[in-house]
Amino acid sequence: AQTVTQSQPEMSVQEAETVTLSCTYDTSESNYYLFWYKQPPSRQMILVIRQEAYKQQNATENRFSVNFQKAAKSFSLKISDSQLGDTAMYFCAFMILNAGKSTFGDGTTLTVKP
Amino acid sequence: AAGVIQSPRHLIKEKRETATLKCYPIPRHDTVYWYQQGPGQDPQFLISFYEKMQSDKGSIPDRFSAQQFSDYHSELNMSSLELGDSALYFCASSSRDGANYGYTFGSGTRLTVV
């Protein structure tokens, strides 16, 4: 079974600064995907970024980037130039290739302070 | 662009009553996933359907059942409701291998059992 661990229940960052959210996972699979989802106070779940395990290059989406360390089974999310609208709970998620269902971490609540 | 539509947005039921949640996937998406998110918890996979057949099953109680119809919409039926069933129920949709690219979630149905 796969497990996803987010060791930081809560974090805060000043507006315009950079913050990194941690995620580790455990799996014996070699082909899988990793995701970060954002859940703002509206409770809508929004995909932020994804990473294919077979790709060594770290994914980047505008201000969001990941540090994917496959050997260490680590998948951290870096948010640059934090904005007030980034305030949300962030979930790390794991999915075996073509499996469909995802396993989510417990989430990290991020607060961006003005 | 059309998104995943869930109805109702909010639902209040008494213990031992039944509830039906509906999910309308993005057009041309043939796979639907149901997740349950308790207060302050991460989403837990319940069940998924591909081409109107159950494709995977997670921690779905026997009191719950679900199906996918010919128009690909899905319904989650919940009977003998318990207080612990109070949660946010998400539906997500994808194409067959589209989940590899991450889910598109609906806005969720908040079920409160009193």
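This dialogue goes through some features of a predicted model.

Colleague: How are the residues and chains labelled, and which parts count?

Modeller: Residues are numbered from 1 along each chain as its sequence is written, and chains are lettered from A and ligands numbered from 1 in the order in which they are written.

Colleague: How many aromatic pairs does the structure hold?

Modeller: Rings of Phe, Tyr and Trp (its six-membered ring) pair if their centres lie within 6.5 Å; planes under 30 degrees apart count as stacked, over 60 as edge-to-face and the rest as tilted. Over all chains, the structure holds 20 aromatic pairs. In one of them, A:Tyr33 and A:Phe35, the centres are 6.4 Å apart and the planes are at 20°, so the pair is stacked.

Colleague: Are A:Tyr33 and A:Phe35 buried or exposed?

Modeller: Buried means under 20% relative accessible area, exposed over 50%, and partly exposed in between (1.4 Å probe, protein chains only). A:Tyr33 has a relative accessible area of 7% and is buried; A:Phe35 is buried at 0%.

Colleague: What kind of pair do A:Tyr37 and A:Phe104 form?

Modeller: A:Tyr37 and A:Phe104 form a tilted pair, at 5.6 Å centre to centre with 45° between the planes. A:Tyr37 lies in strand β5 (residues 32-39) of chain A and A:Phe104 in strand β11 (residues 103-104) of chain A, so the pair ties together parts that are 67 residues apart in sequence. Strands here are DSSP runs (E, at least two residues) and helices are runs of H or I (at least four), numbered from the N terminus. A:Tyr37 is buried, with a relative accessible area of 0%, and A:Phe104 is buried at 4%. One aromatic cluster includes A:Tyr37, A:Phe104, B:Tyr33 and B:Phe105.

Colleague: How many helices and strands are there in chain B?

Modeller: Chain B has 0 helices and 11 strands. Buried residues make up 48% of its 114 residues. Along its principal axes, the C-alpha trace of chain B spans about 40 × 25 × 20 Å.

Colleague: Where is B:Ala19 found, and which residues does B:Ala19 touch?

Modeller: B:Ala19 is found in strand β3 (residues 19-24) of chain B and is buried, with a relative accessible area of 2%. A contact means heavy atoms within 4.5 Å. Not counting residues up to four places away in sequence, B:Ala19 touches residues including B:Leu11, B:Leu76 and B:Leu111. B:Thr31 is 12 residues from B:Ala19 in sequence and 22 Å away in space, C-alpha to C-alpha.

Colleague: Which peptide bond is cis, with omega near -10°?

Modeller: The bond from B:Ser7 to B:Pro8 is cis. B:Pro8 has its place in the loop between β1 (5-7) and β2 (10-13) of chain B.

Colleague: What is the phi of A:Lys73, and what is the phi of B:Lys52?

Modeller: A:Lys73 has a positive phi of about 55° although it is not a glycine. A:Lys73 is in the loop between β8 (64-69) and β9 (74-79) of chain A, and is partly exposed at 26% relative accessibility. B:Lys52 has a positive phi near 70°. B:Lys52 lies in the loop between β5 (44-50) and β6 (53-57) of chain B, and counts as partly exposed at 35% relative accessibility.

Notes: Predicted model: local features only at pLDDT ≥ 70, side-chain atom pairs only at ≥ 80, totals over all residues. Heavy atoms only, no water.
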